Amino acid sequence: MKRLSFVFMLGGILLGIAIVFGFGARHVLEAMLSVGWWGFAELTLAQLLISIPLAFAWLIILPHRTWQLLPRLYWGRLVREAGGRFLPFLPVGGFVIGARAVSLTGLPMALSAASTLVDVAAEFTAEVMFAALGLGVLLVWQPHSDLILPVGAGILVAAVAAAIFIALPGQGTRLLQKLAARIGKGEGRALGSLDSMASQFDAIYARKSAIIGAVLLHFLAWLGSACQSWLAYHLLGAQITVSQALAIEALLRAALSMTFFIPGAAGVQEAAYAGLGAIFGLPVEISVAVSLLTRARDLVIGLPALLLWQYLEFRKLKTNGSGKLPDLGTAAS
């Protein structure tokens, strides 16, 4: 699976390069540079603000939460996102290192892993809602689009999966426990027993209102990502409404979720932005520039978070000789 991940990632990078040069690398570069440092700073700040409700969503899931944990969870979210986007692993690899990073700050690994997986389920549920909203916007703007049927079918299937976690916590818990066991493989004492993991799931799912609150916070963050997409297009001089940006961002996320096997959505993100932007009459080079700007923004935010995580790992190894990470390639497979 690790080899396939590298192959898919390499293929995606080649696809992204082909898209950039195919639609005019000079035009794409000029569009990106037109944003300027202040514009790029605005995009970066917008993403940092969007991460706040994401950290709150993780916090309220915890059975015994304290506000002092919020900065740690905020950083853990940044590590999770950066790991999934810039390290050559499947998205599960990002979940692993995000949970691991927070555990290095004192949160028990069993609770960190269990809450991470429930948070991912809540985020997925909110993403389904967001995608459905985007599909509704597409129906208004482009009622005869060929995307409506396949996207609608995909959302329906995803909605059924999301309902399992919300309406049938017993079934959802068993599925999450299996995934947690994969994440915990190789953790030894740091993870604890499966009984400990199960008790953490029971404590989390005993508070359904907290899970629903987490879903709503994630949905708010998805709406924020649509506003951020509008800001990026606006800074590049494109004429776009907030509703159009919402549709592009929502359908983009739906497309990326279906190509999860490509690490970092390499190439796929650029192709999706170009195709979805064209539906609303936006120049392809502008949409590709938006994709590349978001990658640059994520790198500026994610690299320091990953470096801090590595520093904490090194410090733990140096002090007690423990802290070995699980095999991310194995966990991601």
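Of the contacts in the chain with a separation of 6 or more, 76% are between residues 24 or more positions apart, a contact being heavy atoms within 4.5 Å. The model is a predicted one, in which local features need pLDDT of at least 70 and side-chain atom pairs count only at pLDDT 80 or more, while totals for chains, interfaces and linings use all residues. Residues are numbered from 1 along each chain as its sequence is written, and side-chain values use heavy atoms, with hydrogens and water left out.

The secondary structure comes to 14 helices and zero strands, where helices (H or I, at least four residues) and strands (E, at least two) are DSSP runs numbered from the N terminus. Of the 333 residues in the chain, 52% are buried, a term that stands for under 20% relative accessible area, with exposed meaning over 50% and partly exposed lying in between (1.4 Å probe, protein chains only). The accessible surface of the chain is about 15,200 Å², and carbon and sulfur atoms hold 71% of that surface; such areas come from the Shrake-Rupley method with a 1.4 Å probe, and for residues only the protein chains shown count as cover.

Two packed helices are described by the angle between their axes and the distance between the axes. Here the axes are lines fitted to C-alpha atoms, for helices over the stretch in contact, and the angles run from 0 to 180 degrees between N-to-C directions. Helix α3 (residues 36-61) packs with helix α10 (residues 208-235) at an angle of about 175°, their axes being 8 Å apart. That angle makes α3 roughly antiparallel to α10, since angles over 145 degrees count as roughly antiparallel, under 35 as roughly parallel, 65 to 115 as roughly perpendicular and the rest as oblique. The contact of α3 with α10 has 17 nonpolar, seven polar and one charged residues, where Ala, Val, Leu, Ile, Met, Phe, Trp, Tyr, Cys and Pro count as nonpolar, Asp, Glu, Lys and Arg as charged, and the others, Gly among them, as polar.

Helix α3 also packs with helix α6 (residues 109-141), at an angle of about 125° and with the axes 9 Å apart, and α3 and α6 are therefore oblique to each other. In this pair, L54, A57, W58 and I61 of α3 meet S112, S115, T116, V118, D119 and E123 of α6. By class, the residues of the contact of α3 with α6 are five nonpolar, three polar and two charged.

Leaving aside residues up to four places away in sequence, Q244 touches W141, Q239 and F280.

L252 also lies in helix α11 and is buried, with a relative accessible area of 0%. Not counting residues up to four places away in sequence, L252 touches Q269, A272, Y273 and L276, and its C-alpha is 9.8 Å from that of E270, which is 18 residues away in sequence.

L312 belongs to helix α13 (residues 284-320), and its relative accessible area of 13% is why L312 counts as buried. Apart from residues up to four places away in sequence, L312 touches W75 and L104. L312 and T105 are 207 residues apart in sequence, yet 8.6 Å apart in space, C-alpha to C-alpha.
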